[in-house]
Amino acid sequence: MIRVGAVNIDTSHPMGFGDSMKKDGRMKYVGVYNDSFRSNEEVDGFIARYGLERRCDTLEELAGMCDIGFIQGCDWDDHLRCAQPFIQMGKPVFLDKPAVGREADCQKVRELVRQGAAIIGSSSARYAYEIQEFLKIPQEERGEIVTVIGTSGVDEFNYGIHIAEILGGLLGQGAQAVQYMGQGQ
């Protein structure tokens, strides 16, 4: 069982991941650190919902008790600070979308990876059960995926990554062409 540490449960993503982890059984939230806007009651509810071992007082404490850190705060400019204790302990880090908010932070992520840090950032949409269930159907039964059209009901900057990840989940590295078709007003 992969032990996951949750850092800042700001969005719906931590709950979505937690629900998926419960269904899948390969991963489990074991601790949470929260210095963001969620109230103590909300953090306590998260702990109860997913059966966490404890709420941690420091990032270092959380990093010490898990196998991977999930940085899930809304403040992208704070993601690298939150990731540092995990990286320093040689643990992989998942930076929830968007991974970071500044070009300088993108450069820092690249440098950390070059130095051996295991850092991933993406959208959970790639791993949606609907996609996984669809792909379990043999190609002979479901047919070949020839064309995929993805739309985002919100803004492309914050939510376009979900479309890209869904395409990645469906096609893997099989996409041969991609075209941005525009936006609505």
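Predicted model: local features only at pLDDT ≥ 70, side-chain atom pairs only at ≥ 80, totals over all residues.
A residue counts as exposed when its relative accessible area is over 50%, and as buried when that area is under 20%.

Helix α5 spans residues 103-114. Its twelve residues reach 17 Å from the first C-alpha to the last, close to the 16 Å expected at 1.5 Å a residue. Three residues of α5, D105, V109 and L112, are buried. Because they cover an arc of only 65° around the axis, they lie on the same side of the helix.

What, then, covers the buried residues of α5? The cover includes helix α4 (79-88) together with strands β5 (93-96) and β6. After α5 comes G116, which has a positive phi, near 110°.

Strands β5 and β6 lead on to the sheet. Six strands form an open sheet with parallel pairing, in the order β3-β2-β1-β4-β5-β6. At its edges stand β3 (54-55) and β6 (119-122); each has a single partner strand, so one side of each is left without a neighbour in the sheet. Elsewhere in this order, β1 sits between β2 and β4. Strand β1 (residues 2-7) runs parallel to β4 (residues 68-71), and four bridges join the two. Within this pair, A6 stands opposite F70 of β4. In general, the strands of a sheet pair through backbone hydrogen bonds, either parallel or antiparallel.

Conventions. Residues numbered from 1 in each chain as written. Heavy atoms only, no water. Pairing = 2+ DSSP bridges. Expected span 1.5 Å × (residues − 1). Buried < 20%, exposed > 50% of the residue type's maximum accessible area, 1.4 Å probe, protein only. Arc of directions from axis to C-beta. Contact = heavy atoms within 4.5 Å.
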